[in-house]
Amino acid sequence: MSLNIKINENYFNVKKNYLFSEIAKRVNAYKTANPDADIIRLGIGDVTLPLSPVVVEAMKKAADEMGDAATFRGYAPEYGYDFLREKIAEYYKKFPVNLSAEEIFVSDGAKSDVGNIVDILGDNEILIPDPVYPVYLDSNIMSGHKVKFIAGNRENGFLPMPDGIERRPYVIYLCSPNNPTGAVYGRDALKKWIDFANETGSLIIFDSAYEAFISGDYPHSVYEIEGSKTCAVEICSFSKTAGFTGTRCAWSVFPDELTVGENKLSFLWSRRQATKFNGVPYVVQRAAEAALSDEGQKQCRESIAYYMENARIIAAVLKEKGIYFTGGENSPYLWLECPDGMTSWEFFDFLLEKAQIVGTPGAGFGDAGEGYFRLTSFGSRESTLKAAERLKKLL
Ligand code: MLT
């Protein structure tokens, strides 16, 4: 007999599979049908370089502490150990941004925070750039929220602006450098968003997970922009910066100035985390702390430089072939126009069948992504060079 309870029907309004699960499913089917295929995976943005030596050393030391009764630790504080919150606050000083450790909340991933923040917000109108990281949309649909899209396209350089948007309060998601397009907001453009948010009483959820890939003169943190502390939460991560996709550590910033009436938004977040989250493992937080040390930063920058050289290798092929693309300069992603008017899933199949290369169809990031395709530079050098050769022959 079936259950006689109510379920969250909103789950039937999202696509049946999460984008990267759908890709994995299709690639596995291809692999089963073609067991000898030498598949190059440039789809999901998963890192391939190992953790930096200084990070591994910190993890080992922390593991030893956990194995000694004198230094063993149980539950981690739900908002993060002070040593890590303080280290993150210190990291922001170089931008330069002043934050207190209490405004920083450590978590197990930017994806979790982006999805979970919906818990503390009511039924607001949501503004989501299109194309963008699918978690913003999916998590709001799952909560039954009304979403309005702001289209990124070739004309606006995939950087939608608030001009022409009806002035009322929204929850606005911004991702810069953008996943998937690699486009980055400059200071003036970001200031326009901050002004719009402050004037309308809107909240900006600013995803800066790719800030460490910025090499040009662009803001790394939304808090570099005047007025942002009264309207923006920032979510950042160690995943891409320090190779933590499998290690899991991130943080969200809830500035003290961010209030709804008398209530600090940080109160709701801390209350949510205290009830629903038991903290990030000690070993992982020590590893994250090491990634932010001077030596850790140096080693992380070496890994980032390696990935950005991969981006340059792919970009060179696209340039040679005259294919329009964005990204690859301040971001590990290249966002290209599908050749010959193919749809993005048609191009996905074409690349997989003809070159055994996996990428991510633009339509998976929103309707405005149709006709575009994302390649990641997070592969190994060897596989990136091989992919570049195959692309040269095919395109
Ligand atoms: C991506 O490929 O867009 C990312 O790896 C997804 C993520 O960070 O969750």
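At what angle do helix 9 and helix 11 pack, and how far apart are their axes? The structure is a predicted model, in which local features need pLDDT of at least 70 and side-chain atom pairs count only at pLDDT 80 or more, whereas totals for chains, interfaces and linings use all residues. Residues are numbered from 1 along each chain as its sequence is written, and side-chain values use heavy atoms, with hydrogens and water left out.

Helix 9 and helix 11 (residues 381-394) pack at an angle of about 5 degrees, and their axes are 10 Å apart; helices here are DSSP runs of H or I with at least four residues, strands are runs of E with at least two, and both are numbered from the N terminus. Axes are lines fitted to C-alpha atoms, for helices over the stretch in contact, and angles run from 0 to 180 degrees between N-to-C directions. The two helices are therefore roughly parallel to each other, a class that covers angles under 35 degrees, while angles over 145 count as roughly antiparallel, 65 to 115 as roughly perpendicular and the rest as oblique. Their contact (heavy atoms within 4.5 Å) involves residues including Y306, I313 and V317 of helix 9 and L385, A388 and L391 of helix 11. By class, this contact has 7 nonpolar, 2 polar and 4 charged residues, where Ala, Val, Leu, Ile, Met, Phe, Trp, Tyr, Cys and Pro count as nonpolar, Asp, Glu, Lys and Arg as charged, and the others, Gly among them, as polar.

Helix 11 also packs with helix 10 (residues 344-355), at an angle of about 105 degrees and with the axes 11 Å apart, which makes helix 10 roughly perpendicular to helix 11. F350, L351, K354 and A355 of helix 10 meet R390, L391 and L394 of helix 11 in this contact, which has 5 nonpolar, no polar and 2 charged residues.

Within helix 9 (residues 294-320) lies Q297, which counts as buried because its relative accessibility is 12%; buried means under 20% relative accessible area, exposed means over 50%, and partly exposed lies in between, for a 1.4 Å probe and protein chains only. The side chain of Q297 reaches the backbone oxygen of A291 at 2.9 Å, and, with neighbours within four places in sequence left aside, Q297 is in contact with Y91, K94, A291 and L292.

In helix 6 (residues 187-200) is N198, which is partly exposed, with a relative accessible area of 34%. Leaving aside neighbours within four places in sequence, N198 is in contact with G227, T230 and C231. The side chains of N198 and T230 make a polar contact at 2.8 Å, a term for a pair of N or O atoms within 3.5 Å of which, within protein, one must be able to donate a hydrogen and the other to accept it, residues adjacent in sequence counting only if both atoms are side-chain atoms.

Most residues other than glycine have a negative phi, and most peptide bonds are trans. A cis peptide bond joins D130 and P131, with omega about 10 degrees, and another joins N179 and P180, with omega about 25 degrees. In the loop between strand 4 (146-151) and strand 5, F158 has a positive phi near 60 degrees and is buried, with a relative accessible area of 3%. D340, in the loop between strand 12 (333-337) and helix 10, has a positive phi of about 55 degrees and is exposed, with a relative accessible area of 74%.
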